[in-house]
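Q: I've got this model open and want a quick tour. Pick a spot and start there.

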Amino acid sequence: MSKYTEDDLKKELETQEYEYGFYTELDSETFPKGLNEDIVRAISKKKNEPEWMMEWRLDAFRIWEQMEEPEWANVNYKKPDFQDIAYYSAPKKTDPNKTLDDVDSELLAMYKKLGISVDEQKKMNNIAMDIVVDSVSVATTFKETLAEKGILFMPISEAIQEHPELVKKYMGTIVPKTDNFYAALNSAVFTDGSFCYIPKGVKCPMELSTYFRINEGGTGQFERTLVIADENSYVSYLEGCTAPSRDENQLHAAVVELIAMDDAEIKYSTVQNWFPGTKDGKGGVFNFVTKRGMCHTNSKISWTQVETGSAVTWKYPSCVLKGDNSVGEFYSIAVTNNFQQADTGTKMIHLGKNTKSTIISKGISAGKSQNSYRGLVQIGSRAENARNFSQCDSLLMGNKCGAHTFPYIESKNKSAKIEHEATTSKIGEDQLFYCNQRGIDTEKAIALIVNGFSKDVLNKLPMEFAVEAQKLLEISLEGSVG
Amino acid sequence: MLKIKNIHAGIEDKDILRGINLEVKAGEVHAIMGPNGSGKSTLSSVIAGNETYEVSEGDIFLDGESILELSPDERAHKGVFMSFQYPVEIPGVSTTNFVKTAINAKRKAHGLEDLPAKDMLKLIREKSELLEMDRKFLSRSLNEGFSGGEKKRNEIFQMAMLEPKLSILDETDSGLDIDALKIVANGVNKLRNKDNAVIVITHYQRLLDYIVPDFVHVLHEGKIVKSGGKELALELEAKGYDWLK
C-alpha cells in the first residue's frame, strides 16, 4: 500500500464539495426583482388571498420600511440589497390539489438527489412531509391519514384559504410583525411554509416534516411556519433545508411560531444545511430566522437544531414560558467551517411559576469561521421557583477560528435558580495521534471526537434524523484539520 | 520482528536520537531505561510514527519491511501498539465505542468486514475478565475522570483487544501505586506469548520486578550506551546512571 500523504488528503478534501449544490432546471415563474407595495399585493393576489391577509402583509411592509437592519450580532457581511431580490419564484405546474403522482418529473428527480424519495415517503408510515421549493409548497404527504385524527398539516397558503379562523387567530401572535427587521420583512412577503394543528388530546402518530429548498438564483426564501398543539396534544416536527451552490449570497428569512396550549408538547427539530459558501468564502445563504414558541400551563416546547450550513446564521429559537409549570428546552449543535459565521442561541423567558428551562449548546468551529452562542435567560417578577440550567461548550479546530459566548441573565425574582456552565476545548494533535496510533485515521478520529462532543444533543433528535445529522457533521468538518 | 537501524530523529533543529540500533525478536521483552531527557519517549514516538518528530537518518523495519514511510494508523494496522504515558481523554466516546472503532479500522485495512456485535461483546467479556476489569467502566467516556491507575489499565485493555505484534509501554509505571503497578504488570504478562514482543520504557527498575525483561538497554543522550540482561536493571538501581555517562 503506497503512502497516503497529507497532500493527497488535502486534495481529496478540496474536491469534497457541498453535496446538495446542484441546480435543477425547473420551469419557474419568478417575479421581477425589487420590493414595494405592488409586489406585496402581487404576492397576495398570486396566492389568491383574502383581503385581511393582504392588509396584514401591507401593514407589515410599512413597519419594515421604518426599521433598520440589526447590527448587534457578532457577524460581518455585506448587507443584502433588498431591491435586488426576487420575492416570488415558483416551479410552474404546481397545483395544490394534485396528487404526488402528478408532481413535475424534474421535481421528483430533484427530490431523489436530495435523498428524499417521495414514493418511499408514501410507503413509510412514520414521517409525513411537506416540501417547499423556492416560494411554494409542492408536495404534502399523508394528508388523509392525518386528517382522520383531525390533524391539519398543509402548506400555510392552503391554511389561509381553508382555515382562515385559525391562521387569523394565531399568526403573528408569537412573533409580531414589529418584532424585528427580518420578521417584519417575512410578514410582508412570506410565500409559503407549513401549517400544522393538532386537536385537543391527540398524539400525532407520525413525525411531521417540512423540507425546504431554494432552487432559483436571485431569489429569497421567506417561509412561515405555524404549529399549534391544542390542549394535551403532542407533536414532533422536523425541518430540513438545502440550496444550490451559487456565487451570490441568497437570503433566507423565515419565521416559525409554535403554540403549546395547556398540557401540550411540541418537539421541533431542525437540520439546517443551506449552502455554506465555497471554501474561499464566496456565496452561501444568509440565514436570518426568527423562531419562537409560547408555552401555556404545564406545556413543553423543545427545540433541537443541528446547524451546519449557511454563510451567515442569525437565529435564536426561543420559548416564552407563560404558563405555570411549563418547560422550555434548547439543544443545539452549530458547526462553522471555512468562512462561515454563526450567531445563534436562545431566549428563555420565564413568566409563570415553577417554570423550567434547559439550554445545551455545542459550538464547533473550524477553518477561519466564527461561532457565537448568544443566550438570554430572563426571570420575570412573578416567576416563583423558576429554574434554568445552561451549558455552552465550544470545540475549536485549528487556530484561525473563533468561539464566542454571550450569555445574558436577567432575574427579577429572588427564588430563581440559574446555573451556567461553559467550556472551551480544542481537538489536539495529541488526541489525533492517540486515535491514529490505535489505527483510526484522522478523518475518522475527528468524526469520533466531534460525535462524542455533540452526543448530548444528537441524542435528542428523532432516530431517522440523528443518523443524517451525524453524517452531516462529518461532511461539514472534512478537511478542517490539516 | 522489529529492527531499528541507525535512527537519528529530533524536533525542528534539535537532535534527540543520535543513531539508535535495536533488534527485537518475537517472544522477547526489552527494557529501555535511562535518565530524563535521554530520548526514551522520543524513541517510542518515532516507532509509532508520531509526525512531531522528524527522522533524518536510518530506518525501521517490521518483519523485514520498512515502516518509516507509513502513517501512524498504517503502522497500527501492521500490529504496532503503544501504551501512552499520558493517555488522552475523549469526552462523550465510551471506551467500548473507541475500541470497537479501532478494531474495525484495523479489520478494514486487512480487507475484513466489521466484527459482528456479538463477537465484539464476547471479546470484550473475555479480555476484561482476563485483566480482572470491571466492565462498567468500559461504558464511561474514554479516560475522562479516570484515575492514573484506571487510565493505564485501560491502555492494557486496549492492547488486549487489539492483539498487537509489538507493544511499546511508554512509562506505564509513572503515576501508579504499587497495587496498580502489579495489576497492570500482571495484565501485560498474561498477554505475552511467543509471537509478540514488548518494549518496556521506564525510568525505574521497579516495573521490571513484575515484567521481567530478556534484555535491558540504557539510553543516554540519544544513544544506547549499554545493553545487557535483566541484572543490568538491578545494577542501575544500585548505582544510578552516572557511571555510564
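A: Start with A:Gln250, which stands opposite A:Val285 in strand 13 of chain A. Strands and helices here are DSSP runs numbered from the N terminus (strands E, at least two residues; helices H or I, at least four). This is a predicted model: local features need pLDDT of at least 70, side-chain atom pairs count only at pLDDT 80 or more, and totals for chains, interfaces and linings use all residues. Residues are numbered from 1 along each chain as its sequence is written, while chains are lettered from A and ligands numbered from 1 in the order in which they are written.

Q: In what sense do strand 10 and strand 13 of chain A pair?
A: Parallel, over 4 bridges. Strand 10 covers residues 249-252, and strand 13 runs 284-295. Pairing needs at least two DSSP bridges between two strands.

Q: What does strand 11 of chain A do with strand 13?
A: Strand 11 (residues 255-260) also pairs with strand 13 in the parallel sense, over 6 bridges. There, A:Val255 stands opposite A:Thr290.

Q: And which residue faces A:Val289 in strand 15 of chain A?
A: A:Lys315. Strand 15 (residues 312-315) and strand 13 are parallel over 4 bridges. Strand 16 (residues 318-321) runs parallel to strand 13 too, joined by 4 bridges. In strand 16, A:Val320 is the bridge partner of A:Met294.

Q: How many residues of strand 13 of chain A are buried?
A: 12 of its 12. Buried means 20 or more other C-beta atoms within 10 Å of a residue's own; exposed means 12 or fewer, and partly exposed is in between, with C-beta atoms placed from the backbone. Across the 482 residues of chain A, 55% count as buried.

Q: Which residues have the most contacts inside the largest nonpolar core?
A: A:Ala229, A:Ala260 and A:Ile266, in a core of 174 residues. Helix 11 of chain A (residues 442-458) gives the largest share, 9 residues. A core here is a set of buried Ala, Val, Leu, Ile, Met, Phe, Trp, Tyr and Cys residues joined through C-beta atoms within 7 Å.

Q: What is A:Ala229 in contact with?
A: Beyond its neighbours within four places in sequence, its contacts include A:Ile198, A:Tyr234, A:Ile259 and A:Met261. Contact means C-beta atoms, placed from the backbone, within 7 Å.

Q: Over to chain B. How many of its residues are in contact with chain A?
A: 21, meeting 18 residues of chain A. Helix 2 (72-77), strand 7 (90-94) and helix 3 of chain B each supply at least two residues of that side. The chain B side divides into 12 nonpolar, 6 polar and 3 charged. Nonpolar is Ala, Val, Leu, Ile, Met, Phe, Trp, Tyr, Cys and Pro; charged is Asp, Glu, Lys and Arg; the others, Gly among them, are polar.

Q: Which residues of helix 3 meet helix 5 in chain B?
A: B:Thr95, B:Val99, B:Ala102, B:Ile103 and B:Lys106. On helix 5 they meet B:Asn154, B:Gln158, B:Met161 and B:Leu162. The residues of this contact divide into 5 nonpolar, 3 polar and 1 charged.

Q: What about the open sheet in chain B? What is its strand order?
A: 6-9-10-3-11-12, with mixed pairing. Strand 6 (80-83) and strand 12 (223-228) are at the edges with a single partner strand each, so one side of each has no neighbour in the sheet.

Q: Which residue stands opposite B:Ser83 in strand 9?
A: B:Leu169. Strands 6 and 9 of chain B run parallel, joined by 4 bridges.

How values were computed
Two residues are in contact if their C-beta atoms, placed from the backbone, lie within 7 Å.
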